[in-house]
Amino acid sequence: MTTVPAQNFSPSYSPKGLCRIVGFACLGGFLVDLFVLTLPPAFGTLQWRITFLQQLADRSVVLLFGMALIMYGILDFRRWRRRLAMASLILGIVFILSSILVIRDSLEFQQQAMANISNRASQVQSQLQQAQSDPKLAPRVKPEQLEQASQLLSNQLASAKETTKTSVLRTGISSVGNLIVIGLALIGLGQYGARPPKN
């Protein structure tokens, strides 16, 4: 009875080849997501920019993972490695600079939201004052009821402002943190790829 050596049945594969496949898949998925996020483009709109940069920050780890896998997969190809290293450096700088835009847009959005809440509260307050001075409503609405409504409005205004401030702050910190961390990691990856390989 003849025996066949076990090595004939073992698969022949390259870990670097697998890394390239997964890396390009991650990069392709990130680019598809980025394309979908930009549609329809409205770069001048504050709400669009905030949403876009928040989604970009949330998905950026896929970009980093894909770039790292591709970098590992092409370590033997010096020309391509250097190009990928340069792209990583540029993307890292763009990510860090975009965090400044997130801070600016978050502060502007918070101011707009606070102004909208205050305007709406002023409108309701003026309606309460009109109701108080309206002789048709005077017999049916007691001054205590109007005072309670005014107090309730003040409480809701303070609560809405606090909720808005907290929500904008959390979203801004999360987005800025992600963008800075991924930006620094991409810069580190670019520096790693730009080094000459060890022999």
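Mentor: Let us begin with one side chain. The model is a predicted one, and in it F65 is found in helix 2, residues 46-73.

Trainee: Is F65 buried, partly exposed or exposed?

Mentor: The class follows from the relative accessible area: under 20% is buried, over 50% is exposed, and partly exposed lies in between. F65 has 48% relative accessibility and therefore counts as partly exposed.

Trainee: Which residues make a nonpolar surface patch with F65?

Mentor: The patch is made by L18, I21, V22 and F65, and its area is about 390 Å². Helix 1, residues 15-37, gives the most to this patch, with three residues.

Trainee: What share of the residues counts as buried?

Mentor: Of the 199 residues, 30% count as buried. The accessible surface of the protein is about 13400 Å², and carbon and sulfur atoms hold 64% of that surface.

Trainee: What share of the contacts with a separation of 6 or more joins residues 24 or more positions apart?

Mentor: That share is 81% in this protein. Leaving aside neighbours within four places in sequence, S60 is in contact with F30, F95, N178 and I182.

Trainee: Is S60 buried or exposed, and which backbone oxygen does its side chain reach?

Mentor: S60 has a relative accessible area of 1%, so it is buried. Its side chain reaches the backbone oxygen of A57 at 2.8 Å.

Trainee: Which residues are linked with R49 in a network of salt bridges?

Mentor: The network links R49, R104, D105 and E108. Within it, D105 forms a salt bridge with R104, the closest N and O atoms being 3.2 Å apart. R104 also forms one with E108, where the closest N and O atoms are 3.4 Å apart.

Trainee: Why are R104 and E108 separated by about one helical turn?

Mentor: They are four residues apart in helix 3, residues 78-133, which means a separation of about one helical turn. As to accessibility, D105 is at 0% and so counts as buried. R104, at 44%, counts as partly exposed, and E108, at 28%, is also partly exposed.

Trainee: How many salt bridges does the structure hold, and which residue pairs with D33?

Mentor: The structure holds four salt bridges. D33 pairs with R59, and their closest N and O atoms are 3.3 Å apart. This pair links distant parts of the chain, with D33 in helix 1 and R59 in helix 2, 26 residues apart. D33 has a relative accessible area of 31% and is partly exposed; R59 is likewise partly exposed, at 27%.

Trainee: How many disulfides does a search of the whole structure find?

Mentor: The search finds zero disulfides. Among the cysteines, C19 is buried, with a relative accessible area of 16%, and C26 counts as buried at 15%.

Trainee: Which residues does a cis peptide bond join?

Mentor: The general idea is that most peptide bonds are trans. In this model a cis peptide bond joins L39 and P40, with omega about -20°. P40 is placed in the loop between helix 1 and helix 2.

How values were computed
Residues numbered from 1 in each chain as written. Predicted model: local features only at pLDDT ≥ 70, side-chain atom pairs only at ≥ 80, totals over all residues. Heavy atoms only, no water. Patch = residues over 30% accessible without salt bridge, like charges linked within 9 Å, V, L, I, M, F, W, Y side chains within 5 Å. Areas by Shrake-Rupley, 256 points an atom, 1.4 Å probe, with all protein chains shown as cover. Salt bridge = Lys/Arg side-chain N within 4 Å of Asp/Glu carboxyl O. Helix = DSSP H or I, 4+ residues; strand = E, 2+ residues; numbered from the N terminus. Buried < 20%, exposed > 50% of the residue type's maximum accessible area, 1.4 Å probe, protein only. Contact = heavy atoms within 4.5 Å. Polar contact = N/O pair within 3.5 Å; in protein donor to acceptor, adjacent residues only side chain to side chain. Disulfide = S-S within 2.5 Å.
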